[in-house]
Amino acid sequence: MQLDRGLYAPLIVEDPAESGGYDQDWTVVLDDWLDGTTPDDVFASLRVGTSMGPMNTTSALLGGDAGDVRYAYYLINGRLPTAPAAFTAQPRQRVRIRFINAGGDTAFRVALGGHRMSITHTDGFPVTPIDTDALLIGMGERYDVVVTLGDGVFPLVALAEGKDATALALVRTSAGQPPPQARPKELDGAVIGYDTLHAIPTAALPGRPVDVEHRLDLTGNMMSYDWGINGRQLDLSPNVIRQGQRVRVSFTNTTTMYHPMHIHGHTFQINGNGPRKDTVIVLPRQKVSCDFDADNPGQWILHCHNIYHAEAGMAAVLGYEQ
């Protein structure tokens, strides 16, 4: 749970084969921040059934319950909305924005006032560019977008989904004050989902049959805080795979809360022809298939990227057969 103490930093790996096509590059880290308590105290309270979340933390985008933990602050690049981080550019410049959700228990809906964003990458892998008003970013997910900036001062707003709070940064291309509204109209506009994102051909997995499928049910509930996989907490019995296999991990969410699931050591393609990623939001009562090639031998954990769910036991192991 050290993530909720701020133990993280972005690591950007440039692809020398990418053409670029933008004038500036801006990394935006989203976070939820505790104050007056520790992650250990929060987890202990959750385990004994004491709610650490605001009442009615629900989100239609997330299919129900939007979180367990009440945070004091929501940040962009470590700054509060009262003293926001600012990015300076020139009008009509193309800017690549790299969004990283470093939060422990918060999905963010992100929009840039006065602009649409062109999604270019998911978790570092290129997709066929597609425009959107806003992004929904689960814990551990990363999205890259390209924006052609207008003339003025524009709010970059990250809504803590279902928690009625926002983080704020500013984009400045001229002098002046930002607009007074804290919630740009784009935040309530179209939000692109996985079903409309597609890896470009060089990033997609080559077509071949699936050799082995592991079906993993996401289980547990808020009241008993017994989050697990297939009804077990931190199951260290490996789900066996062999080098060279095409592997399918099928997550079925049997709970009433979303779970951003992350597989270590590999990247997967969602539902056969979707984007290439390593973290995927699995909505309540929904199923997501994640295909990858077993090309990195070892014992690899997979887990929910809600850090309190992972600590409670929503984790398992993928293990290569010796």
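Six strands form an open sheet in the order β4-β1-β6-β11-β8-β9, with mixed pairing. This is a predicted model: local features need pLDDT of at least 70, side-chain atom pairs count only at pLDDT 80 or more, and totals for chains, interfaces and linings use all residues. Residues are numbered from 1 along each chain as its sequence is written, and side-chain values use heavy atoms, leaving out hydrogens and water.

Some terms come first. Strands are DSSP runs of E with at least two residues, numbered from the N terminus. Two strands pair if DSSP finds at least two bridges between them.

T27 has R98 in β6 as its bridge partner.

Next comes a loop. D123 lies between β8 (117-122) and β9. D123 counts as buried, at 6% relative accessibility. Buried means under 20% relative accessible area, exposed means over 50%, and partly exposed is in between (1.4 Å probe, protein chains only). What does D123 touch? Leaving aside residues up to four places away in sequence, D123 touches E141, R142, K277, D278 and T279. Contact here means heavy atoms within 4.5 Å. A polar atom of the D123 side chain lies 3.1 Å from the backbone nitrogen of T279.

T279 leads us to strand β21 (residues 279-282), which pairs with β18 in the antiparallel sense over 4 bridges. M261 has V280 in β21 as its bridge partner. β18 also pairs with β23 (residues 299-304), again in the antiparallel sense, over 3 bridges. There, H262 stands opposite H303.

Why is β18 (residues 259-263) largely enclosed by the rest of the structure? Because 5 of its 5 residues are buried. H259, M261 and I263 cover one side, P260 and H262 the other.

Finally, the cysteines. A disulfide is a covalent bond between the sulfur atoms of two cysteines. The cut-off is a pair of sulfur atoms within 2.5 Å. The whole structure has 0 disulfides. For C290, the nearest cysteine sulfur is that of C304, 13 Å away. That is too far for a bond. C290 is buried at 0% relative accessible area, and C304 counts as buried at 1%.

Notes
Polar contact = N/O pair within 3.5 Å; in protein donor to acceptor, adjacent residues only side chain to side chain.
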